Amino acid sequence: MFKIARANAAVPLTPGSFDDANQNHEMLAQFSVSEAWTGDLSSGMLRLGEWSAMLHGLAAQECGLLSLIRCYDAKDRSHILELFEQAATLCSSFCFSTTIIMPNGFRQPLFCMGESNGLEQKYSGSMVGVFIFPRFKLEGAKQISSRR
């Protein structure tokens, strides 16, 4: 899944939508780990949380886009790179899903949602987003079966 759209809320914010009572953090935490990330378009640097950096195989929490996506499934890299390039030129909301291929052979599913803003001046702006890591790893495609 690779989606990008002009930055306008698909679901308008309603009073109380950010109210913590409307959130189900325990269910989200039962099934996944989520962590915010930011990007500075003037420097091209992304800043990840500790968990995200570790799962991406990075030694530091700051990195460039190419360093970030090098562990992604090879068939998804060009789509994700294109998505980030589009988001860097037009204020956008975007999402993608892929798999992190770890050196030990495990495969970690990944969902990402984000938005870009502040692109009024060339080489400026920022991105913010969240990575969601389901709480399981795959040893290989054989573990995924489809029912017909």
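**Entry 1: ground rules**

I am reading a predicted model, in which local features need pLDDT of at least 70, side-chain atom pairs count only at pLDDT 80 or more, and totals for chains, interfaces and linings use all residues. I number residues from 1 along each chain as its sequence is written, and side-chain values use heavy atoms, with hydrogens and water left out.

**Entry 2: the whole chain**

I found 4 helices and 7 strands; these are DSSP runs numbered from the N terminus, helices being H or I with at least four residues and strands being E with at least two. Going along the sequence, I noted the order β-α-β-β-α-β-α-α-β-β-β.

I then looked up burial, where buried means under 20% relative accessible area, exposed means over 50%, and partly exposed is in between (1.4 Å probe, protein chains only). Of the 148 residues in the protein, 34% are buried. The accessible surface is about 9,700 Å², and carbon and sulfur atoms hold 56% of that. Those areas come from the Shrake-Rupley method with a 1.4 Å probe, and for residues only the protein chains shown count as cover.

For contacts, I use heavy atoms within 4.5 Å. Taking contacts between residues at least 6 apart in sequence, 53% join residues at least 24 apart.

**Entry 3: the core**

Which residues have the most contacts inside the largest nonpolar core? I got Trp37, Leu68, Tyr72 and Phe131, in a core of 25 residues. A nonpolar core here is a set of buried Ala, Val, Leu, Ile, Met, Phe, Trp, Tyr and Cys residues joined through side-chain atoms within 4.5 Å. At least two core residues come from each of helix H2 (50–55), helix H3 (65–69), helix H4 (74–87), strand E5 (92–101), strand E6 (107–117) and strand E7 (126–134). H4 gives the largest share, 4 residues. As a reminder to myself, nonpolar side chains tend to be buried together in soluble globular proteins.

Not counting residues up to four places away in sequence, Phe131 touches Val33, Ser34, Glu35, Trp37, Leu48, Ser52, His56, Leu68, Tyr72, Leu110, Phe111 and Cys112.

Ser52 sits in helix H2 and is buried, at 0% relative accessible area. Leaving out residues up to four places away in sequence, Ser52 touches Glu35, Phe131 and Phe133.

Is Trp51 buried, partly exposed or exposed? Trp51, also a residue of helix H2, is partly exposed because its relative accessible area is 37%. With residues up to four places away left out again, Trp51 touches Val33, Glu35 and Phe133.

Leu58 is in the loop between H2 and strand E4 (62–64), and counts as buried because its relative accessibility is 14%. Beyond four places in sequence, Leu58 touches Leu48, Ala53, Cys63, Ser67 and Arg70.

Thr99 lies in strand E5 and is buried, at 15% relative accessibility. Not counting residues up to four places away in sequence, Thr99 touches Cys71, Tyr72, Asp73, Asp76, Arg107, Gln108 and Pro109.

Ala74 belongs to helix H4 and counts as exposed, at 53%. The C-alpha atoms of Ala74 and Thr99 are 9.3 Å apart, with the two residues 25 apart along the chain.

Ser92 is another residue of strand E5, and is buried at 2% relative accessible area. Ser92 and Asn117 are 25 residues apart in sequence, and 7.1 Å apart from C-alpha to C-alpha.
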